[in-house]
Amino acid sequence: MKLIKKLLKFVVALIGLLIIVVFSIIAIDAQGTSYLKVNNNSSAMKDSYVIAHVNVIPMDRDTVLADKMVYVKDGIIQSIGDELAIDGVEIVDAQNKYLMPGLIDMHVHVWDRYELGLYLSNGVTAVRNVWGMPMHLRMKEDINNNEIISPLLFSSGPKLTGPEFIGDDNLNLVEPEEARAKVIDYKERGYDFIKTYYGLTPELFTAVLEQARESEVDIIAHPSQKVPYSFHFDPQIKSIEHTEEFVQQPLEYKLDTISLNDVIQLYKEAEYSRHCPTLVVFNNIYQMMKDDHILESEEMVYMNPLIKMEDSKAQFDRWHNAKLEDDAVVDRIKNQHEFHLYIIKKLHQAGVTIICGTDAGIGVTLPGFSVHQELALYKEAGMSNYEVLKTATINAANTHKIMGDLGTVQEGKVANLILVDENPLLDLGTLKNPSTVFIKGRKLNRETLDSFNEKAKNRKNLLVSGLRYAENLIIEK
């Protein structure tokens, strides 16, 4: 009996010590990202002022409104005009720079709060996170309560898959009733969207669609190979992800321009559907094959350490080994990437709405920085600068009703804005280094944005990232 009591005391003490260690790790990480707190950024305390001498790119039309004044009050654009006489507010001299809506990345994977600063530094003022976890609900709460400076965060729930697609990153569904229950549960818990993924059978997919319609929650679809590609053209599905899925599913791994026309026709007939390409994440497969030292590159210092250690390395090993087994795979990947550009060109010519998404946060696709690579690829596919910018502004914002107050510089819209030195309608490169980012009206100058980059470099949050991932497994499984 005494031995049992001693063992119990030891177990209790061990559990208590473990709890203390866990909370200590979390507290240290919270202190590490305290630079994002609104109260720690004196320059971002104000959200009411007039921006003067600014060239406005409204993005509801292809034009520049020269030398305007923009009045922002409580983080909302109140008026735009030649002369605004507003008493008692700060005047911000834009020095004839260019003001446009902040960029929106519609397909990201957020792993920690350091990444929020990286997005802002690159002019991304809203993100659509497409693999939701409990930590994202906490982030959303802090963002919506104006406790931290961050892009607006919209998040799907966990990825819904069928019973065969096993993995700790998937929520495997077996019965239609279970699928309906998950849709209801995710909306009640505060997730904004439902994310469908591989392996959903027609019965499961139909259950998700029907319940999403009843629950009035939008669906983001990573196409399931268990149903025809045409199955994904439903008004409840607001965007279909990944251009590479054209090749992998309806084209059956053939770069077939004739069959492609049939898929494009599906999009053309479904005016409510949008396509989110994520070209950069596939192109990064080619980059990994070309550069044997890409994981040690300077840019990778911005990747979450857990993802870098696990996902980045796994993806690199996979494609490096594929290259060693058959060096022809390098050209095949390159050819498929070029075919993706052709697909975007044909979609655009057909009038299909394209929304910018990068799949940032996996492999070697960096949060924030990759949006500029993605936009450059749309340009390479033949889109004009204005059409490229639409993918990350007005097109993105119009995808979901809950994002409708973003995406343009207009009265009544949220002041999520970026100020750049040159006209992006002529030079997209100017977006890489915005001089000022406005998030819900709060001003962040370039010095502050650069400090966000520095804080995120080589961050030491491997353990806490693992804890948050484990939390998700425990709650969702």
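In this predicted model, T448 touches N41 and S43, where a contact means heavy atoms within 4.5 Å and residues up to four places away in sequence are not counted. Residues are numbered from 1 along each chain as its sequence is written, and side-chain values use heavy atoms, with hydrogens and water left out. Because the model is predicted, local features need pLDDT of at least 70 and side-chain atom pairs count only at pLDDT 80 or more, whereas totals for chains, interfaces and linings use all residues.

T448 lies in helix 14, which spans residues 446-456; helices (H or I, at least four residues) and strands (E, at least two) are DSSP runs numbered from the N terminus. With a relative accessibility of 13%, T448 counts as buried, a term that stands for under 20% relative accessible area, as against over 50% for exposed and values in between for partly exposed, with a 1.4 Å probe and protein chains only. The buried residues of helix 14 are R446, T448, L449, F452, N453 and A456. They lie on the same side of helix 14, because they cover an arc of only 165 degrees around the axis, the arc being that of the directions from the helix axis to the C-beta atoms. These buried residues of helix 14 pack against helix 2 (114-121), strand 16 (436-439) and strand 17 (442-445). Just after helix 14, N458 takes a positive phi of about 45 degrees.

The largest pocket has a volume of about 1100 Å³. Of the 37 residues that line this pocket, the closest to its centre are Y197, D311, Q315, R318 and I362. A pocket is here an open set of points on a 1 Å grid over the protein atoms alone, where a 1.4 Å probe fits, with protein on both sides within 12 Å along at least five of seven lines, and lining residues have an atom within 4 Å of a point. Helix 9 gives the largest share of the lining, 8 residues. By type, the lining divides into 18 nonpolar, 9 polar and 10 charged residues.

The count of disulfides, defined as pairs of cysteine sulfur atoms within 2.5 Å, comes to 0. The sulfur of C276 is 7.1 Å from the closest cysteine sulfur, in C356, which is too far for a bond. C276 is buried, with a relative accessible area of 0%, and C356 is likewise buried, with a relative accessible area of 0%.

Methods
Points joined across faces, edges and corners; volume = space filled by probe spheres on them. Nonpolar A, V, L, I, M, F, W, Y, C, P; charged D, E, K, R; others polar.
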